[in-house]
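Hi everyone, thanks for having me.

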Amino acid sequence: MNFQEIRNNFRDKKVSAKELTEESLKKAKDKSDLNAFISHFEEYALERASYIDTNFDQYIDKPLGGIPIAHKDIFCTDGRKTTCASKMLENFVPPYESTVTKNCNNAGSIMIGKTNMDEFAMGSSNETSFFGPVKNPWDDSLVPGGSSGGSAACVAADITTISTGTDTGGSIRQPAALCGITGLKPTYGLVSRWGMIAFCSSMDQAGPIARDAFACSALLNAMASYDDKDSTCSKRESVDYEKGLSKDFGKLKIGVLKGVENLGISEEVLKAYESSKKILEQLGHSFVELDFTELSSGICSYYVIAPAECSSNLSRFDGIKYGYRSEAKNLSELYLKTRAEGFGDEVQKRILIGSYVLSAGFYDAYYRKAQKVRRMIKSKFDEFFMDVDLVFLPTTLDQAFEMNRESSDPNRMYKEDLLTIPANLAGLPAMSLPNGFSKNLPIGVQFVGNYFSEELLLNTAHKMQEVTDWHKMTP
Amino acid sequence: MNKIELKNLLFLSRLRVNEEDQDKTIEKLQNTFEMIDQMNDLDLDKFEPLNNPLELTNVSRSDKEKNRNKKEEFLEKSPKSDEDYFVVPKIVE
């Protein structure tokens, strides 16, 4: 059953919140081999479900009333462990609730647990987690993508119909594509970052992960709100994204890739891309070819800016204030040992890159230059959106890959995000949805929209899902 | 990048890499910088640096007490406390 059917059944009293929660908890247990969860909150979830059933009238109209949800373990949950998949925060219990999880609670959802992820959201395969890798529900020898790999696997394996994720360079869209589900990275500033553990503050953005655009719209309705605790949060009037699904936006002009052969996209992904273009054509939309060459240099900029901000954000983990603390003879040794033991290899590497590009003598050559590339990419998109309504391109270069992948290209893992990063640099909303299968593995494609065009993105994806079945496939 | 530069970088980052792993760390960093250095091929003169995608204005709030200090709760959650104080390792030498 999909999200909409489940919610209707709850509203029609055909199923109780408790029954839905019990089912999700059972599936989570049955599928524990996936390692999709870091924490389970069985007792809490059942108590909350009973409360919702008892107070049914208050929840009948809520967008997520009675629906079990899994939250990425990057969102602080008051009184409940929040680890960010790091040894550094293995036993961290926040004394406050993130705005995202609070909003989801207020919308009537029931948190059944916190999902596994790449450590501090740094990774594209969910292999950097201190709690071990997540397996792809389609093939357990493959990765689910990252960093929101646990949230994507949880929805793909049908444990919950909705989950939350964060996307700094593709961390919602890439795992959504590799797991055959739908995920939306909103415009930077649409969803509050309060209580979301920071990696790269100028790009981090939380968003919905679900099987289809319908469920994403309901979840985004819950997640998005103005929040004075996040100074970058948008003050725009709220939009009802679910209602927006039935709007008629007319025939769209959609930007498609020109010169794709140079980007290293696999044959299977390109084939699926071409056939989904035909579907858009059948829906009456027309295409404008866009040159993506300049946008593909976003990856160079990203791997300067994101590590720079990460090295600054992660300096708070010093063994004194909170989190892991090593044994040491003096203060200097305490810092070194705590951070060397508490952070994993990938996180340490990114801190080193960040310190390097921000250090005296290299600032102009790296950090400032990367910010200029960022401006170039934003300007390119601004130019695109003078002419087109949406940009349409594959989400990933290839499908899910094996764990511990060996590649002759040492930067292969970073290139996973080649097609997703430009939207993060520009702060634009982007949405990935399944658009085909090859070798029994899903493929994803994404729309990038202009600022705050989530309604159009969701509407277009929904219309596409009305005439296709890929999002209904389960492992 | 050589070992002296790496050691300086490790100091700046307050991190430690064992002597025997340092060559490997240097190689990994250099590989990433090879990718990053492709920026040098771009003509960026006409672009101003962009540090945030949105045009932002600062947010202020009225000068009223908002969140009461949850002292007891915070102390309870700390690994070690003594009366009203957090107990931490010696940080002034």
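Predicted model: local features only at pLDDT ≥ 70, side-chain atom pairs only at ≥ 80, totals over all residues.

Okay, now the overall build of chain A. There are 17 helices and eleven strands in chain A. Its C-alpha atoms fill a box of roughly 65 × 55 × 45 Å along the principal axes. For 475 residues, you'd expect a compact globule to have a radius of gyration near 23 Å, and chain A comes in at 21 Å, which agrees. As for what's tucked away, 65% of the residues in chain A count as buried. Chain A still exposes about 16400 Å², and carbon and sulfur atoms supply 46% of that.

Next up, the aromatic rings. Searching the whole structure turns up 22 aromatic pairs over all chains. Take A:Y302 and A:Y303: their ring centres are 4.9 Å apart and their planes are at 80°, so this pair is edge-to-face. Both A:Y302 and A:Y303 are buried.

Here's another pair, A:Y366 with B:F33: centres 5.2 Å apart, planes at 70°, so edge-to-face again. This one crosses between chains, going from helix α14 of chain A to helix α2 of chain B. A:Y366 counts as buried because its relative accessibility is 11%, and B:F33 counts as buried at 7%.

Last stop: ring pairs also link A:F92, A:F120, A:F317, A:Y322 and A:F343 into a cluster.

Definitions and conventions
Residues numbered from 1 in each chain as written. Chains lettered and ligands numbered in written order. Heavy atoms only, no water. Helix = DSSP H or I, 4+ residues; strand = E, 2+ residues; numbered from the N terminus. Rg over C-alpha atoms; globule rule 2.2 N^0.38 Å. Buried < 20%, exposed > 50% of the residue type's maximum accessible area, 1.4 Å probe, protein only. Areas by Shrake-Rupley, 256 points an atom, 1.4 Å probe, with all protein chains shown as cover. Phe/Tyr/Trp six-rings, centres within 6.5 Å; stacked < 30°, edge-to-face > 60°.
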